[in-house]
Amino acid sequence: MAPPPPPAGPPGRRLSRAVGASLATPLVLACNAGILLNLLSVRVPAVVLDGAAFVGDSASPVALFALGLHLGGVGLRLRGTTREELALIGFKCLVFPLLTWAVCGLFFGVRGDWLAYLVLIAAMPTPQNLFIFAQRYDVGVGLSASVVIKTSLVSLLLLPLWLQTVAT
């Protein structure tokens, strides 16, 4: 596969194209349409709401299925973890929860269960959305799949430790 061509045009034009493309994605358009319909107090038929709920409920299993299909085609190498992957995994599983603990606990004075909730949310594995977006835009698909799976494995080990650390 050939590398993508360098971006064309001045930085301002590239930025405006990137913002326009991100605002024109189906997910963003659907969210904005929902907000608009809610603000206008439009009554949506129950059949449409049920269909939307079905699609929404299927998002996570579909993401896991797509991730499994990708990994089935390329395989997952635990021993062949690159420095970039190690840095991303270390940041997501160690640095990000520590930053959350420090910022929320020391700067904002959050204590008790709320601090534990925030740190545990920060320590959760990388979400499958990363893989879905990477696959949709064909950028870093292998890296994103690897990071999602490997942070899930590392989080299984570290979440109990984070809970123990924050609960004290």
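Biologist: Of the contacts in the protein with a separation of 6 or more, what percentage is accounted for by residues 24 or more positions apart?
Modeller: This is a predicted model, and its contacts can be sorted by how far apart the partners stand along the chain. Among contacts with a separation of 6 or more, the share that belongs to residues 24 or more positions apart is 69%.

Biologist: What percentage of the residues in the protein is buried?
Modeller: The protein exposes about 12,100 Å², and carbon and sulfur atoms supply 72% of that area. Burial is judged here by a relative accessible area under 20%. Taken over the 168 residues in the protein, the buried share is 20%.

Biologist: How are α7 and α8 oriented to each other, roughly parallel or roughly antiparallel?
Modeller: The axes of α7 and helix α8, which spans residues 141-167, come within 9 Å and cross at roughly 170°. Angles over 145 degrees count as roughly antiparallel, and the two helices, α7 and α8, are therefore roughly antiparallel.

Biologist: Which residues of α8 make the contact with α7?
Modeller: The axes of α7 and α8 come within 9 Å. On the α7 side the contact is made by L130, F131, A134 and Q135, while on the α8 side it is made by V141, S144, A145 and V148.

Biologist: Is S144 buried or exposed?
Modeller: S144 has its place in helix α8, and, leaving aside its neighbours within four places in sequence, S144 is in contact with L130, F131 and A134. Its relative accessibility is 4%, and S144 therefore counts as buried.

Biologist: How far apart in space are F133 and S144, C-alpha to C-alpha?
Modeller: F133 lies in helix α7 and, at 40% relative accessibility, counts as partly exposed, whereas S144 is found in helix α8. The two residues, F133 and S144, are eleven residues apart in sequence, and their C-alpha separation in space is 9.2 Å.

Biologist: What distance separates the C-alpha atoms of Q128 and V147?
Modeller: Q128 sits in the loop between α6 (112-123) and α7 (129-137), where its relative accessible area of 23% makes it partly exposed. Along the chain Q128 and V147 are 19 residues apart, and their C-alpha atoms are separated by 9.7 Å.

Biologist: In which loop is the place of D138, which has a positive phi although it is not a glycine?
Modeller: Most residues other than glycine have a negative phi. D138 has a positive phi of about 55°, and its place in the chain is the loop between α7 and α8.

Biologist: What is the phi of S41, and where does S41 lie?
Modeller: S41 is exposed, with a relative accessible area of 59%, and its place is in the loop between α2 and α3. S41 is not a glycine, yet its phi is positive, at about 55°.

Biologist: Which residues meet in a salt bridge between their side chains?
Modeller: Side chains of opposite charge can pair when their charged atoms come close. The structure holds one salt bridge, with an N to O distance of 3.1 Å, and the side chains that meet in it are those of K150 and E85.

Biologist: How many residues apart in sequence are the parts that K150 and E85 tie together?
Modeller: Both K150 and E85 are buried, and their side chains meet in a salt bridge. K150 lies in helix α8 and E85 in helix α5 (residues 83-107), so the separation in sequence of the parts tied together by the pair is 65 residues.

Biologist: Which helices each supply at least two residues of the nonpolar patch?
Modeller: The patch on the surface is formed by L36, L37, L40, V42, V44, V48 and L49, which together have about 580 Å² of accessible area. One of them, L36, is found in helix α2 and counts as partly exposed at 48% relative accessibility. The helices that each supply at least two residues of the patch are α2 (26-39) and α3 (46-57).

Methods. Residues are numbered from 1 along each chain as its sequence is written. This is a predicted model: local features need pLDDT of at least 70, side-chain atom pairs count only at pLDDT 80 or more; totals for chains, interfaces and linings use all residues. Side-chain values use heavy atoms; hydrogens and water are left out. Patches are made of residues with over 30% relative accessible area and no salt bridge: like charges are joined within 9 Å, nonpolar side chains (Val, Leu, Ile, Met, Phe, Trp, Tyr) within 5 Å. Accessible areas come from the Shrake-Rupley method with a 1.4 Å probe; for residues, only the protein chains shown count as cover. A salt bridge is a side-chain nitrogen of Lys or Arg within 4 Å of a carboxyl oxygen of Asp or Glu. Helices (H or I, at least four residues) and strands (E, at least two) are DSSP runs, numbered from the N terminus. Buried means under 20% relative accessible area, exposed over 50%, partly exposed in between (1.4 Å probe, protein chains only). Axes are lines fitted to C-alpha atoms, for helices over the stretch in contact, and angles run from 0 to 180 degrees between N-to-C directions. Angles under 35 degrees count as roughly parallel, over 145 as roughly antiparallel, 65 to 115 as roughly perpendicular and the rest as oblique. Contact means heavy atoms within 4.5 Å.
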